[in-house]
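Reader: I am new to this structure and would like to be taken through it step by step. Could we begin with a helix and what surrounds it, and then go on to the place where the chains meet?

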Amino acid sequence: MGLYKYRIYIPIKIRSLRYTIQHQQNIIHTFQFQSSLSSLFTILFFPPIITMCTLEKRGDLFLLTLTGDGEHRFHPDTIATILSLLAQAKSQSKRGSVLITTAHGKFFSNGFDLAWAQTAGSKTGAANRLHQMVESFKPVVSALLDLPMPTIAALNGHAAAAGLILALSHDYVFMRKDRGVLYMSEVDIGLSMPEYFSALVRAKVGTSAARRELLLSGKKIRGEEAVGLGIVDTAAYDSAEGVVEASVRLGEKLAAKKWSGEVYASIRKSLYPELCGILGIEARVFAIPKL
Amino acid sequence: MCTLEKRGDLFLLTLTGDDEHRFHPDTIASVLSLLEQAKSQSTKGSVLITTGHGKFFSNGFDLAWAQSAGAGAIQRMHQMVKSFKPVIAALLDLPMPTIAALNGHAAASGLMFALSHDYVFMRKDRGVLYMSEVDIGLPLPDYFSGLVVAKVGSGIARRELLLSGKKLKGEEAVALGIVDSAAHDSAEGVVEATMSLGESLAAKKWNGEVYASIRKSLYPELCRMLNLTGNNLATNNL
């Protein structure tokens with residue numbers, strides 16, 4: 001994979017950030033965000049890769065994969081595709097269905113496509129595009145909360161910002177022990193948090209110390225620490241394949257319960273009344289029990 | 001059924017008999033009445049300990065009674081769910097510290113009953129916590145989820161409790177932060193430990209109204225669901 005450099009001028013006042021990611025062939029990619037008040041927006045980059053995704057069925061398990069080797073950033077098209085695939089899984093769901101979400105390469109997802117926002121060519125244009133992605137991503141979180149089956153995020157690599165929110169919207173989160181970090185970059189970039197992001201973190205992460213480490217520290221949290229903070233379930237595997245295999249094993253165990261997906265989703269949503277309120281989804285569903 | 005005894009400062013509420021102590025409307029009415037009795041007799045230093053006889057603390061609502069109605073089963077379920085709400089409210093409102101001493105299994109509304117206490121002690125060797133609803137296909141009453149959200153802190157623990165169909169043993173329940181202790185290898189051991197805790201709490205001679213008010217202030221959403229008002233202005237002893 002070639003070396004490419006981004007130089008992006010963001011019109012809001014932020015401090016300089018150098019974020020370095022080690023590439024698999026030891027080529028260092030340096031992303032430099034610099035503030036510029038006299039903002040002319042110059043962007044030099046190779047044609048943007050828009051992440052795509054696939055949905056496969058393996059027995060009871062639905063496997064949603066963010067394909068390709070890039071950062072799997074959420075461009076509006078990516079978001080639309082994910083939404084459509086989740087709708088597909090929902091429509092094909094039955095007792096015992098389970099969803100596993102994973103990705104290829106070094107990243108699970110590095111968040112929204114900020115580069116696309118910048119190509120709007122103006123301050124307000126960029127802000128509008130960012131706002132568009134924030135709003136259009138809300139239904140993805142809703143769809144996952146609403147999905148009538150257990151959901152497992154199998155993190156092959158880094159999950160940052162909206163990418164981490166996608167992971168956290170699942171019932172179970174597995175990550176690697178050796179590689180990959182969780183990173184809420186907003187405090188570093190100077191982006192305030194959408195309300196539903198904070199509500200999701202509050203709903204899922206129990207202690208205020210853990211919430212602070214996640215949202216207010218700018219830390220890149222590795223597997224072991226993420227488990228210690230109660231953010232992910234396990235970080236026991238030394239490869240992406242290991243994580244996926246473990247998720248499949250858990251998925252099969254859950255599938256064997258043959259639960260009613262409607263009831264499962266109803267109980268799940270009842271755990272997050274505040275978040276459901278913000279997303280505008282109905283928390284209560286009534287089903288006939290098999291007494 | 002159930003009995004209420006007084007032992008010094010301690011009220012002991014016991015679910016008697018060797019059965020599953022399922023919550024039938026009559027049981028629910030008895031428990032409610034005994035809680036009201038404890039409330040009316042409370043003084044500074046009162047403490048409530050709730051326990052059961054036999055293998056079960058309580059296995060939840062009397063589903064068999066519901067099913068015996070045939071087409072009226074859902075109606076009977078709703079009746080039990082509705083009539084049980086005041087029991088939870090009464091415990092949250094009780095003007096004294098409350099301790100659940102789990103002699104055995106606590107499932108569904110039986111577990112909700114336990115969790116409505118300030119302290120929960122269970123056995124190390126026997127007895128599980130089990131929210132059966134996901135397995136049976138029963139959606140949860142809103143105040144059940146409200147109670148779990150109020151009392152169980154981590155998202156992972158809440159999921160393990162409500163969405164896994166797991167039967168949680170003592171050690172795991174402590175690790176998940178659902179119960180306080182699972183250190184004793186017998187029902188007697190658990191009851192003794194709770195009495196000892198009860199006595200040390202009683203010695204504080206706390207004002208029960210203030211205690212209840214502070215307790216309710218920890219669970220505003222749950223109190224709203226249960227129609228409990230939080231604030232009780234009492235004279236403090238500054």
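Predicted model: local features only at pLDDT ≥ 70, side-chain atom pairs only at ≥ 80, totals over all residues.

Reader: How far does helix α1 of chain B reach from its first C-alpha to its last?

Author: The helix covers residues 25-40 of chain B and has 16 residues. At 1.5 Å a residue a span of 22 Å is expected, and the span in the model is close to that, at 23 Å.

Reader: What area is buried between chain B and chain A?

Author: The two chains meet through 29 residues of chain B and 25 residues of chain A. Carbon and sulfur atoms give 63% of the area buried between them, and on the side of chain B the residues that lose the most area are B:Pro139, B:Arg159 and B:Leu163, together 26% of what that side buries. The area buried between chain B and chain A is about 2400 Å².

Reader: Which element gives the largest share of the side of chain B that touches chain A?

Author: Across this interface there are 6 residue pairs in polar contact. The elements of chain B that give two or more residues to its side are α2 (63-67), α3 (73-93), α5 (133-136), α6 (142-151) and α7 (155-162). The largest share, 6 residues, comes from α7(B).

Reader: Why does the salt bridge of B:Arg159 and A:Asp233 join two chains?

Author: The side chains of B:Arg159 and A:Asp233 meet with N and O 2.6 Å apart, and the count between chain B and chain A is 1 salt bridge. B:Arg159 lies in helix α7 of chain B, whereas A:Asp233 lies in the loop between α8 (223-228) and β13 (234-237) of chain A, so the pair joins two chains.

Reader: Is B:Arg159 buried or exposed?

Author: A residue counts as buried when its relative accessible area is under 20%. B:Arg159 has a relative accessibility of 4%, which means that this residue counts as buried.

Reader: How many residues apart in sequence are the parts that A:Asp60 and A:Lys258 tie together?

Author: A:Asp60 forms a salt bridge with A:Lys258, and their closest N and O atoms are 3.4 Å apart. A:Asp60 lies in the loop between β4 (53-58) and β5 of chain A, and A:Lys258 in the loop between α9 (240-255) and α10 (261-270), so the pair ties together parts whose separation in sequence is 198 residues.

Reader: Where does A:His72 lie?

Author: Phi of A:His72 is near 50°, a positive value in a residue other than glycine. At 1% relative accessibility A:His72 counts as buried, and its place in chain A is the loop between β5 (61-66) and α1 (76-91).

Terms used:
Residues numbered from 1 in each chain as written. Chains lettered and ligands numbered in written order. Heavy atoms only, no water. Contact = heavy atoms within 4.5 Å. Buried area = accessible area lost by both parts, 1.4 Å probe. Salt bridge = Lys/Arg side-chain N within 4 Å of Asp/Glu carboxyl O. Polar contact = N/O pair within 3.5 Å; in protein donor to acceptor, adjacent residues only side chain to side chain. Helix = DSSP H or I, 4+ residues; strand = E, 2+ residues; numbered from the N terminus. Expected span 1.5 Å × (residues − 1). Buried < 20%, exposed > 50% of the residue type's maximum accessible area, 1.4 Å probe, protein only.
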